Structures are given as C-alpha cells and as structure tokens.
Amino acid sequence: SSPLDRTDLVLVDAIGTGFSRPADTQTGKKFWGLKGDIAAFGEFIRMYITRNERWSSPLFLLGESYGTTRAAGLSGYLANKGISFNGIVLLSTIIRFQTVTGGSTNDQAFIDTLPTYTMIAWYHKKLPADLMQDQAKTRAEAEKFASTEYAAILAKGDTLSAEERKNATERIARYTGLTPQDVDESNLRIDVPWFTHRLLASQKLRVGRLDGRYTGPDPQGYLDTPFYDPTGSATAPPFTSMFNDYVRRELGYKTDMAYNVSYPDANKNWDWGNAAEGPPDTSVDLRAAIVKNPYLKVLVMEGNYDLATPYFAVHDTMDHMDLTEAYRKNISYATYQAGHMVYLRQADLQKMKADYANFISACLPK
C-alpha cells in the first residue's frame, strides 16, 4: 500500500522530532516557528535535490496536519528559488488557522467545524432517525445548515430573542447530537473540547479529537478534567513501537536516544508570529505558487471524522484563495471514512495509495 512503485520517498523529520535535535535550545529557536520551520525545510529540499542531482526529476510535496501548513508555505518559499512542484498533497489540512480557532470575535471557526460534529454524531448513532438514513445527504444538509441558518444565528449575537434562542438550540442539537441544554450552555458556539466531552456523556466516554470514531474513559475521571483525546492513546504506542523496532533490528541503527513521534514542547516554544500579522496563514504562499505555475495540481485528502482539521474548514480556505476557474480546476479532493490519520484502516490506506498514484499520473506530462 505504499507509493514506492510510483515514486521515491524522502521523509524529513522536523528539528526536535524523530532522532533530530538542535545543538542547544538557543539554536532550536531558529527552527521552532512558522517562518524558521519553512526556511529550514526549504533549504533542506534545495540542498537535497542539488547534492543528489534531482533537479530534473518530477517533484511532489506531501504534508500532513501541521505539515500542510509547512507544505503550503514551502510551495511559495521554493517558487521564489526556482523550485516548482508538479503536485502538492495536503493530508488533513490546516493552512488558515482562523478557520479552526473559534472565539468571541470569530464565529467562522464554529461554522466550519459543525459538519464534522454531524459526521461524528452520525457514526455514534446520535442523530435523529431521518439524518441517519443517508450519510452523504446528511453531510450536504449539515454543510448547508452551517453556512446559512447557523451562520445567521451566530451573526445575531446577543440580539437573539428568547424564542429564537430556544429554536436555535434545538436546530443546532439536531445536527450535532448534543442536547439543547449542551448547546445553550456553550452559548450556541460549540468548541471541540466541549463536543468531545458531551456527545457520549451518558456513557461517561470521551470522543476523539484526531478521530471521532475513537472513544474512551478519561484517565482522570469524567468531570472537571483536562482535555483528553483517546485517539492518541490508541495510536501513539503502536507507531512508536513499530518504528523503534524497524530502525534498530532491520536497519541496524543503534542509539539510546528517544524517537519523538511529535515535538514534545511544540505549543510551549513555537513562534506563531505576532498579533499584527493575524492568525497563522500560509494559504497566501500556496496561492502564489499556484498562480506562478499553471501546471501545479493540488490534492486535498480529508477525513469525515477529523476534528483537528475539520474538512469544511479546508473547503472554506480553498474557496477563498481568490483563484480564477482556470486555477481552481487544478484543486481536487479525496474524502475518507476516517479521521485525521486517514491511513489507520487498511481499506483507507489502500484508497489513499490509489488516490496518490492517480494524482501522480495526472500531474505528469502525457
């Protein structure tokens, strides 16, 4: 199920992940930020294709999760250095953070997340009977509700009358699987921790953020506990164990250093930029790469049950990049009955491989 029959693969660990470490913390600060990270990866790619004489090879870039933020930024960064890609794959995408960071002044994130709540509630059979009949139809209905009726409800803010608010809580509850009381207590603006805590409250189970299909009791008890995602508990140990076994026994690489599946202190040390620049956004870089290269194609891979990077937020981003139809036709989507890591099930892994292989073919000259 790997694409090695179609393409070579070069996988790069960010500084602080895998076995990669900075010489010291001060040096690490050069790389631990939106701009420094893109520059580091960009220079690695430039040096790699130079030293290995691959300047004439077709080039593809695949990023997952924050790797999509990086990939979008890299596409613009490298275009300015004369390096263009045949294709870019964005797997579980977040390139415009305003679409997922909700707050009192940003209702758009709540709008963009609601259809994923619907999909997860559908999976756990928490929706009304009529919405449980046809998932595709329900998804489309939830998207329409979110972008029209729900958006209008949130736009009214505190001017909603008592009757309007009551009707709103019932309508939102219909598409989220929550109770009207849960919706009301969230001020009609349901954030991810609240949804994952309350959807299966009657069973005292948390729902996964990375993958809403996963559930589990909170290790610290159900009430008044920090946010917990059972997805990580189910997936991190197998990935960590398998890679450590592979690199030591099959590759013969011996080290006592810990292999970091993710950067341990990313949220604490990461430089996201300053307030004047607004929320992180690399869609402008991706747009620059697209309009500079009319042959560049982009494939967006999305999971229905992903609350880390909700699929409707990605559509919102791609639909607001100020692209003409000639460029928009080079953007395509692949949807999976999966969460953030769409490859967890064998069937989805095989679909991902096929989608990627077909994308490679579409990007190369006939």
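Here are some exercises with worked solutions on the structure above.

Before you start, note that this is a predicted model, in which local features need pLDDT of at least 70, side-chain atom pairs count only at pLDDT 80 or more, and totals for chains, interfaces and linings use all residues. Residues are numbered from 1 along each chain as its sequence is written, and side-chain values use heavy atoms, with hydrogens and water left out.

**Exercise 1. The overall build**

Task: find how many helices and strands the protein has, and what its radius of gyration is.

Solution: 
- Step 1. Helices (H or I, at least four residues) and strands (E, at least two) are DSSP runs, numbered from the N terminus. The protein has 14 helices and six strands.
- Step 2. The radius of gyration is taken over C-alpha atoms, and the globule rule is 2.2 Å times the number of residues to the power 0.38. For 366 residues the rule gives 21 Å, and the protein comes to 22 Å, close to that value, so it is as compact as a globular protein of that length.
- Step 3. For the extent along the principal axes, the C-alpha trace spans about 70 × 50 × 45 Å.

**Exercise 2. Aromatic pairs**

Task: describe the ring pair of F19 and Y253, then the ring pair of F60 and F359.

Solution: 
- Step 1. Rings of Phe, Tyr and Trp (its six-membered ring) pair if their centres lie within 6.5 Å; planes under 30 degrees apart count as stacked, over 60 as edge-to-face and the rest as tilted. The structure holds 16 aromatic pairs.
- Step 2. The ring centres of F19 and Y253 are 5.5 Å apart and the planes stand at 40 degrees, so this pair is tilted.
- Step 3. F19 sits in the segment before α1 (25–28) and Y253 in the loop between α9 (230–250) and α10 (266–269), so the pair ties together parts that are 234 residues apart in sequence. F19 counts as buried at 18% relative accessibility, while Y253 counts as partly exposed at 43%.
- Step 4. The pair of F60 and F359 is edge-to-face, with 6.4 Å centre to centre and 70 degrees between the planes. F60 belongs to strand β1 (residues 60–65) and F359 to helix α14 (residues 346–363), so here the tied parts are 299 residues apart in sequence. Both F60 and F359 are buried.
- Step 5. Ring pairs also link F19, F243, Y246, Y253 and Y259 into a cluster.

**Exercise 3. The surroundings of two residues**

Task: find which residues D211 and K353 are in contact with, leaving aside neighbours within four places in sequence.

Solution: 
- Step 1. D211 lies in the loop between β3 (206–207) and β4 (215–216) and counts as buried at 0% relative accessibility.
- Step 2. D211 is in contact with T231, Y305, A338, G339 and L344. The C-alpha atoms of D211 and G303, 92 residues apart along the chain, are separated by 8.5 Å.
- Step 3. K353 is found in helix α14 and is buried, with a relative accessible area of 19%. K353 touches S1, S2, P3 and D5.
- Step 4. The C-alpha atoms of K353 and L160, 193 residues apart along the chain, are separated by 48 Å.

Conventions
Buried means under 20% relative accessible area, exposed over 50%, partly exposed in between (1.4 Å probe, protein chains only). Contact means heavy atoms within 4.5 Å.
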